[in-house]
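Dear colleague,

I am passing on to you the structure shown below.

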Amino acid sequence: MTETPTMTESEDAVPAVANLDTIVSLSKRRGFVYPSSEIYGGINAVWDYGPLGVELKNNVKRAWWRAMVQEREDIVGLDAGILMHPQVWVTSGHVGSFSDPLVECATCHRRYRLDELPGAEGLSASDLRDPTVVERLGLICPNDGGPLSAPRRFNLMFTSHMGPVEDAASIVYFRPETAQGSYVNFKNVQQSSRKKIPFGIAQIGKSFRNEISPGNFVFRMREFEQMEMQYFVRPGEPASAAFEEWLPKRRAWYERYGVAPARLRFREHAKDELAHYAKKAIDVEYRFPFGWKELEGIHNRGDFDLGSHAKASGENLEYFDQATGEHFIPWVVETAAGADRAAFTFLIDAYREEEVRGETRVVLGFHPELAPYKVAVLPLLKKRPEIVELCHRLRADLATDVLAVYDDTAAIGKLYRRQDEIGTPWCVTVDVDSLDDGAVTVRDRDSMAQERVPVEGVKRLILDRLAAARAA
Ligand code: ATP
């Protein structure tokens, strides 16, 4: 929602890509991301992931799940429904206050999120709630210079109706976050998994927000995916300690998968900016080509969530600590990230252009775990059926463990460049000699070094390198 910088950890960093269009056009051309419903002119703020994009995003989600569930004894997964009992959203505060300040131009009727207007950047949360702010700052419509209305709160939740009757009693909300599914299932999960506090519930799934001004490609969409983890802890000091522990862990996750440390920073929310549920909130921000923006929010939510749901539902959501005999409502420390925003960040940060023998080489230097294809199998001569056949056999063998692709639609130099541009870490080339000596050439994306490897050893080599990259 709203953002006002209050803390800067590093000097401004140079974005990995100067112009966002470079990424948007590469994404379209190579099949990462397309505008939704494009043949009908598109629909604002929804994007479709193409063959490479779906692999990248799945790999990002897997990497998050690995770090947050697989490698942790104290966190379990959940996949709750998108549609929930409408009372959930009343209790959570979303019906009452999940809103952004909206202003409208009196002449062209365009609508803007107040804090995204020229001249309104960096407004404090109190300013954003001030009904006289437009007049006081002399803000005008950036489109036609027309007068703007005073800000009004615009609720960001999409609604629909469940069942055949469309009345107030049948209203349902498209969830604007996955977190509530974890809170209302707290008791189910705790009892069925027999986890002791502290423990966490992790979820990945779609969320929906009727954003006033979506944009910057997949940065702000109306339909998007979140990767959220709710960590249930003892009240007070243990919650503050858990909050502090999650901060470096979550930042390190982005670095581990390739984001340059200089383009990451923490930003603490000012007191008047804190969401209604939060005791403390720090964002992990990334230096996008359009400025420093939130990647992930880490929040100490106190007992707001379980306390409110216990009260509104009448269900006892206390935890019983057998060791001490105490009953208490756990506090929640949340790490709330976006799968699309993370994939977008890894894509931007992986982009580089290099001069190689007088030509520009475009490389997506993805961490091997995130790369859509792990390996490409390429024939040096596609006219030789034995070479092509060996390529297909090798690809099929590799494909039982990793996503491997065969391509013979250009000369080898061009095939390498294509794989570099989509971030494939290794290319395997089969040539005439391979038919005699049973060896193939393995080329490394980053160093461009080539080595001869017996064909039976290729899969082991690729799997070993992937394992090494994962462990690094
Ligand atoms: P913002 O300030 O960017 O609107 P927020 O503070 O409302 O974000 P949270 O409610 O903390 O965001 O959501 C957690 C994460 O979900 C965000 O850090 C972001 O990665 C992702 N996210 C939120 N809204 C969107 C959106 N409209 N499009 C894509 N990702 C989103």
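A search for disulfides across the whole structure, which is a predicted model, returns 0 of them. Cys108 takes part in no disulfide, and the nearest cysteine sulfur, belonging to Cys105, lies 3.7 Å away. Cys108 is partly exposed, because its relative accessibility is 26%.

Cys391 may be considered next. Which cysteine has the sulfur closest to that of Cys391? The closest is Cys427, whose sulfur is 11 Å away and therefore too far for a bond. Cys391 has a relative accessible area of 0%, so this residue counts as buried.

I turn now to the aromatic rings. The count of aromatic pairs comes to 21. One of them joins Trp64 and Trp65 in a tilted arrangement, with 6.2 Å from centre to centre and 50° between the planes. Are these two residues buried or exposed? Trp64 is buried, since its relative accessible area is 0%, whereas Trp65, at 31% relative accessibility, counts as partly exposed.

Another pair is formed by Phe174 and Phe208, and this one is edge-to-face: the centres are 5.1 Å apart and the planes stand at 75°. This pair connects distant parts of the chain, as 34 residues separate its two members. Phe174 belongs to the loop between strand E8 (171-173) and helix H7 (179-184), while Phe208 belongs to strand E9 (residues 199-208). With a relative accessibility of 27%, Phe174 is classed as partly exposed. Phe208, in contrast, has a relative accessible area of 11% and is therefore buried.

Aromatic residues also gather in a group. Which residues form one aromatic cluster? The members are Trp47, Phe217, Phe219, Tyr286, Phe288, Phe290 and Phe344.

Phe219, a member of that cluster, also has a charged neighbour: the charged end of Arg341 sits over the Phe219 ring, 3.7 Å from the ring centre. A further arrangement of this kind involves Arg443, whose charged end sits over the ring of Tyr416 at 4.3 Å from its centre.

In summary, the points to keep in view are the search that found 0 disulfides, the count of 21 aromatic pairs, and the two arginines, Arg341 and Arg443, with charged ends over aromatic rings.

With kind regards

Note on methods: Residues are numbered from 1 along each chain as its sequence is written. This is a predicted model: local features need pLDDT of at least 70, side-chain atom pairs count only at pLDDT 80 or more; totals for chains, interfaces and linings use all residues. Side-chain values use heavy atoms; hydrogens and water are left out. A disulfide is a pair of cysteine sulfur atoms within 2.5 Å. Buried means under 20% relative accessible area, exposed over 50%, partly exposed in between (1.4 Å probe, protein chains only). Rings of Phe, Tyr and Trp (its six-membered ring) pair if their centres lie within 6.5 Å; planes under 30 degrees apart count as stacked, over 60 as edge-to-face and the rest as tilted. Helices (H or I, at least four residues) and strands (E, at least two) are DSSP runs, numbered from the N terminus. A charge sits over a ring if NZ of Lys or CZ of Arg is within 6 Å of the ring centre and within 35 degrees of the ring normal.
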